[in-house]
Amino acid sequence: MSVVFITGGCANTGLATAKLFASKGWDVAVSSRDSKSSLATTEMLKKEYGINAKHYVLELGDTDSIMKAFKQVYADFGRLDCFVANAAHLGIGMGTFSTDV
């Protein structure tokens, strides 16, 4: 099964993207700053599309939060086939980083 991770995947464009991937049989990981909305989204995706879905609280302004979320996605799904950077963050005051997650 293919796995997609969508930031800001609980509303608007992110939610539409999550539904599209789920309708194609992909397992879906979504993130949000709001655990309540991300949990509701994953429950809806599992019920409506019969796929595996997980939610993650993610603050894009916090590098540790980003690393923790990606590591947890790999731990939960064992793979990551597609990443959709949908959540908005201007990145002001942030450096760049890379990792071997």
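I took buried to mean under 20% relative accessible area, exposed over 50% and partly exposed in between, with a 1.4 Å probe and protein chains only. The model is predicted, so I kept in mind that local features need pLDDT of at least 70 and side-chain atom pairs pLDDT 80 or more, while totals for chains, interfaces and linings use all residues. Residues are numbered from 1 along each chain as its sequence is written, and side-chain values use heavy atoms, with hydrogens and water left out.

**Chain.** I found three helices and four strands in the protein chain, in the order β-α-β-α-β-α-β from the N terminus (DSSP runs: H or I of at least four residues for helices, E of at least two for strands). Of the 101 residues, 37% are buried.

**Thr42.** Beyond its neighbours within four places in sequence, Thr42 is in contact (heavy atoms within 4.5 Å) with Val30, Ala53, Lys54 and His55.

**H1 and H2.** I then looked up helix H1 (residues 12-23), which packs with H2 at an angle of about 30 degrees, the axes being 10 Å apart; for these, axes are lines fitted to C-alpha atoms over the stretch in contact, and angles run from 0 to 180 degrees between N-to-C directions. I noted H1 and H2 as roughly parallel, because angles under 35 degrees count as such. On the H1 side the contact is made by Leu15, Ala18, Lys19, Ala22 and Ser23, and on the H2 side by Thr41, Met44, Leu45 and Tyr49.

Methods:
Parallel < 35°, antiparallel > 145°, perpendicular 65-115°, else oblique.
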